[in-house]
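Subject: Structure for your review

Dear colleague,

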Amino acid sequence: MKNAAAAVKTSLLNQSDTRTIANFYAVQLQLLCREKKYASSAFALVRSIHGNMITSGFRPRSHILNRLIDIYCKNSGLAYAKHLFDRIPQPDVVARTTIIAAYSASGDPKLAREVFNKTPLSIRDTVCYNAMITGYSHNNDGHAAIKLFLDMRWKSFQPDEYTYTSVLAALALIADHEMHCGQLHCAVVKSGMASVKCVVNALISVYVKCASSPIASSVVLMDSASKLFYEMSERDDLSWTTIITGYVKNDDLDAARKVFDGMDEKLLVAWNAMISGYVHKGFIFEALDMLRKMHSAGLKPDEFTCTSILSACADAGLFLLGKQVHAYVRRTEEEIHVSVHNALITLYWKCGRVDEARKVFDNLAFKDLVSWNAVLSAYVGAGRINEAKLFFDEMPEKNSLAWTVMISGFAQNGKGEEALKLFNQMRLHGIELCDYAFAGAITSCAVLAALETGCQLHAQLIQRGFDSSLSAGNALITFYGRSGVIEAARTVFLTMPCVDLVSWNALIAALGQHGYGAQAIELFEQMLNEHITPDRISFLTVISACSHAGLVERGRHYFNIMHSVYKINPGEDHYARLIDLLSRAGRLLEAKDVIQTMPTKPGAPMWEALLAGCRTHRNVDLGVEAAEKLFELTPQHDGTYILLANTFAAAGRWDDAAKVRKLMRDQGVKKEPGCSWIKVENTVHVFLVDDTAHPEIQAVYNYLEELRLKMRKMGYVPDTQYVLQDMEAEQKEYAISTHSEKLAVVFGLLKLPRGATIRVFKNLRICGDCHNAIKFMSKVEASEIIVRDGNRFHHFRDGECSCGNYW
DNA sequence: ATAGGGTTAG
């Protein structure tokens with residue numbers, strides 16, 4: 001860019017040097033055209049040249065106009081290009097082809113097709129067809145591209161090597177196994193193009209892309225690609241890079257390296273491909289080693305190299321190294337490419353400097369969509385969800401990724417309703433839904449425990465063919481797991497074409513959370529047998545599975561091997577799980593011992609786990625000790641009061657329990673929302689309060705308010721579990737939580753009269769509750785349970801389940 | 001005027 005820009009600038013100053021004005025403009029534009037690299041200054045230069053034309057009253061002829069349109073298209077001036085094009089009375093095929101390519105590049109093949117359709121057959125040519133076919137394949141519509149290719153043949157236009165390369169690219173979008181590739185290969189041979197270099201390159205590229213399909217055997221396909229490569233009589237730069245990147249993309253860095261080492265003159269692109277391969281694999285030091293070797297080979301890192309290295313630094317948390325790369329770029333480059341800036345933004349926020357990331361963004365003269373998305377991810381990644389939403393609303397243009405980041409940001413921060421609302425808006429705006437968007441929406445359903453909505457999304461996912469998506473699959477496992485539909489979670493896991501660590505962790509968690517501790521452990525062991533290395537999340541889930549299943553020794557074992565075998569330092573959360581494991585099993589002194597000997601200062605979660613154990617095992621003294629620590633650490637936390645009061649209540653010390661409640665009120669501690677009330681006669685009504693607008697629920701609300709007032713008069717602070725125990729004494733009214741896990745606990749605690757009916761009125765809630773309902777049916781000795789979800793109901797009687805509609 | 005390789009946002 002630099003040279004062309006300088007030349008144009010000089011020629012702008014020396015207008016007198018040029019013979020005719022038209023020639024002068026033509027030269028300027030040609031200079032700009034030569035540099036195809038996209039840069040921020042190019043746009044400003046076209047604007048100024050175009051501006052000069054207008055002010056000097058120059059009326060460009062078609063070839064200059066076409067060139068102007070072309071440059072606008074390539075330098076983010078689509079709107080100007082469109083404006084110019086629309087004012088041409090009878091645009092020639094060159095102008096049309098330019099604008100077709102531009103519309104396609106901007107992601108709008110429909111608009112491109114309109115122009116294409118309006119192009120009379122008499123002026124259409126092969127190039128015009130090529131542009132449209134490429135447009136389709138760039139927009140992932142392989143079928144449309146092939147259809148147009150057939151149409152072209154039908155209308156007797158002669159395809160050339162450009163046509164073949166484009167059509168092969170389109171076919172690569174659809175082909176996904178050996179058979180397809182073989183057929184294609186035959187077709188190319190039949191077409192007589194099999195000796196044309198660029199067509200062979202495209203064919204190699206098809207093999208490579210096919211190899212990364214989850215259902216193909218990548219080794220076989222890569223072998224075919226490599227055979228083609230070595231059989232070529234003459235290889236160009238592209239042939240080399242295609243095969244190298246092919247190996248890189250198919251996770252065979254050694255093979256890639258072998259080909260790379262065989263290159264006489266190593267191209268910058270090839271170096272970059274190797275470096276990015278190492279970066280993606282997390283081999284940061286190999287990547288840096290390559291950078292050094294490349295440097296000694298006399299090649300200067302370009303923006304591709306730098307962005308790769310910066311992104312490696314961001315992932316590895318190598319902030320200082322990243323800064324050095326930045327300093328290097330600043331020293332050597334006159335104009336820093338926007339992608340380098342974007343990688344820098346990511347470096348900052350991933351190293352915990354969100355505000356600095358924002359500052360980099362604010363100072364950018366030229367921002368693209370990726371820059372905006374990087375800042376959006378920064379806010380989301382830091383959990384600063386409100387700022388993220390404000391930023392999201394400010395965005396001048398949002399692509400599917402921006403929507404997706406925002407949706408999953410809401411979901412991950414517990415704002416399921418906002419997430420689903422946004423997902424619907426995304427639909428209404430006609431933004432193309434990708435698998436990640438579905439993953440975000442399904443995660444919100446997991447958060448909201450909205451089983452029905454989640455199932456609908458699952459159906460739509462299958463309809464759209466996203467069911468092979470890793471991220472969507474993982475979201476589904478988590479969703480079904482949280483909803484208690486373990487079989488569905490398992491089915492998703494088993495039918496996924498490929499799974500990763502997240503999938504394993506999600507299924508282990510699902511099993512562990514719902515009382516299938518032994519199965520969770522079995523799965524964890526199976527994962528180890530398949531040589532998949534567990535991460536810190538895996539240990540969190542497997543230890544808590546042990547905890548729920550009461551498998552203390554097994555849990556301790558996992559805690560120990562985490563560091564001794566897998567070199568993962570246990571974090572606070574792991575200690576909290578270990579203490580929970582011991583406390584639940586009643587080994588309270590051991591738990592206390594762990595707290596006192598752990599390497600860091602024990603935080604609130606450890607003491608809370610101990611206190612919960614004290615409540616269950618009725619150890620008042622130790623409970624009080626733990627509670628005192630908690631009052632110091634988190635004085636305003638309602639959970640401590642509730643747990644302590646329960647500890648007293650469990651030990652039958654009702655007066656002390658009442659004192660704790662009074663203390664809580666005196667300290668001005670507010671209880672968190674999320675629980676509702678039930679009334680027991682012979683029937684238990686469980687009203688879940690998510691949908692307060694529902695008339696039935698509203699009526700109950702009023703009743704509950706009355707109840708609360710009454711209780712306050714009696715000196716109680718109404719709350720979830722300890723009120724339950726108090727009320728139990730009266731055998732009349734119960735408090736209950738809406739949370740499915742707590743609901744299970746409460747069902748377990750209730751001592752209902754034999755033969756009682758439990759009616760669970762639910763809205764927006766889950767079958768997980770049904771699942772718990774069945775599980776605890778024996779405990780509550782109820783003969784039937786009716787779970788209602790809006791108009792639907794599930795009816796359990798004597799272990800049988802039926803469901804239907806209420807009206 | 002059209003194709004084809006390397007980068008950055010989840």
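With which residue does R536 form a salt bridge? The partner is D573, and the closest N and O atoms of the two are 3.2 Å apart. This pair links distant parts of the chain, since R536 belongs to helix 32 (residues 536-549) and D573 to helix 34 (residues 572-584), 37 residues apart. R536 has 34% relative accessibility and therefore counts as partly exposed; D573, with a relative accessible area of 30%, is partly exposed. Please note that the model is predicted.

The structure holds 22 salt bridges. One of them joins the side chains of R556 and E590, at 3.0 Å from N to O. Here too distant parts of the chain are linked: R556 lies in helix 33 (residues 552-564) and E590 in helix 35 (residues 588-597), 34 residues apart. Salt bridges with shared partners connect E553, R556, R587 and E590 in one network. A further salt bridge is formed by E487 and R490 (3.5 Å, N to O), both of which lie in helix 29 (residues 486-495), three residues apart, or about one turn of the helix.

An N or O atom in the side chain of K249 is 3.0 Å from a phosphate oxygen of DNA strand B. Polar side-chain atoms also lie by the bases: that of T307 is 3.3 Å from a base oxygen, and that of Y162 is 3.5 Å from a base nitrogen.

Yours sincerely

Note on methods: Residues are numbered from 1 along each chain as its sequence is written. Chains are lettered from A and ligands numbered from 1 in the order in which they are written. This is a predicted model: local features need pLDDT of at least 70, side-chain atom pairs count only at pLDDT 80 or more; totals for chains, interfaces and linings use all residues. Side-chain values use heavy atoms; hydrogens and water are left out. A polar contact is a pair of N or O atoms within 3.5 Å; within protein, one must be able to donate a hydrogen and the other to accept it, and residues adjacent in sequence count only if both atoms are side-chain atoms. A salt bridge is a side-chain nitrogen of Lys or Arg within 4 Å of a carboxyl oxygen of Asp or Glu. Helices (H or I, at least four residues) and strands (E, at least two) are DSSP runs, numbered from the N terminus. Buried means under 20% relative accessible area, exposed over 50%, partly exposed in between (1.4 Å probe, protein chains only).
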